[in-house]
Each structure stands twice: as structure tokens, then as C-alpha cells.
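Here are my notes on this one, point by point. Have the model open while you read.

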Amino acid sequence: MDKAQVPIAGNDPLRDGMNLSVRLRYDFTVTDAARLLAAARRLHLDLHPEATPEEAAAIVTCAADAIFTVLEHAGLGETLEARLTGFAADGLETGGFRAQAVIDEPDPLPAGWDCFRTGDVFALPPSSTL
């Protein structure tokens, strides 16, 4: 088999009606929980200017709240969805969106690009999801 005949994963041609899914995974290490929680509450206030600091403290209370607030502020979620909706005229219709936080991932990805790891890097460890 010559190089031109070797199948390449993900080398499928675009076609009308096909569904494309993108799963993103970012791994983080919490180095200062109190500072992160305070920062996430500040970011919540930035995202929701009508909220009070007391409301932010009542809403952002745990690991999942903190990481989702940071991600939302960085543009993942509704901000990204709004930007992607702009591609409808170019032939890309947005579908659903889902994010999930995993606590104490037993095999975290190293910093930077990890393209040589084998196995399912998106497999979730049992009983550790939020």
C-alpha cells in the first residue's frame, strides 16, 4: 500500500447533512482554592453586572461553579455559541453544547499539546463527574 492509499483518521470529505462533533478537554490543577473561588466570583459579577457580591457568593460555591465561570468568562459556552452562529451563512449550523467537569482525573494531560497519547483521552473515570 503506497502513502496515497493509507487511510487517515478524520480525513472524511465534507458533505451536506453530516454531523461534526468537537470534544474539548482542558486539565487544570488548583494551586490556591480560596483565590480561585474569589476570582470566579469576581468573574461572575463581570458576566452578570446586575448581580451583587452576595449573590455571586451564593451562586459560585464549588469546583464546578468556579471552573465553569472561568470558562464562560474566557468565551466557552454562550459567548462561543454566539460567535459560531455567525457561520450559518457559510454552511455551518450550530447544534447543542455540553460541558462536563471531572474531579481528580487519574490520568491528567500534561501541559501543552498531547498528540502522542494513545487510548481514549475523553473516557471519563467512574463516579468522578460533576
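1. The chain's accessible surface comes to about 10,700 Å², and carbon and sulfur atoms account for 56% of that. These areas are from the Shrake-Rupley method with a 1.4 Å probe, and for residues only the protein chains shown count as cover. Of the chain's 130 residues, 11% count as buried; buried means under 20% relative accessible area, exposed means over 50%, and partly exposed is in between (1.4 Å probe, protein chains only).

2. Before going further: this is a predicted model, where local features need pLDDT of at least 70 and side-chain atom pairs count only at pLDDT 80 or more, while totals for chains, interfaces and linings use all residues. Residues are numbered from 1 along each chain as its sequence is written, and side-chain values use heavy atoms, with hydrogens and water left out.

3. What is the secondary structure made of? The chain has four helices and zero strands, in the pattern α-α-α-α along the sequence. Helices (H or I, at least four residues) and strands (E, at least two) are DSSP runs, numbered from the N terminus. Among contacts (heavy atoms within 4.5 Å) between residues at least 6 apart in sequence, 55% join residues at least 24 apart.

4. Now the helix pair. Helix α1 (residues 33-47) packs with helix α3 (residues 63-74) at an angle of about 45°, and their axes are 9 Å apart. That makes α1 oblique to α3, since angles under 35 degrees count as roughly parallel, over 145 as roughly antiparallel, 65 to 115 as roughly perpendicular and the rest as oblique. Axes are lines fitted to C-alpha atoms, for helices over the stretch in contact, and angles run from 0 to 180 degrees between N-to-C directions.

5. On the α1 side, the contact is made by Leu-36, Ala-40, Leu-43, His-44, Asp-46 and Leu-47; α3 brings Ala-66, Thr-69, Val-70, Glu-72 and His-73.

6. Leaving out residues up to four places away in sequence, Thr-69 touches Ala-40, Leu-43, His-44, Leu-47 and Val-60.

7. Last, a backbone point. Most residues other than glycine have a negative phi. Asp-104 has a positive phi of about 55° although it is not a glycine. Asp-104 lies in the segment after α4 (78-85) and counts as exposed, at 70% relative accessibility.
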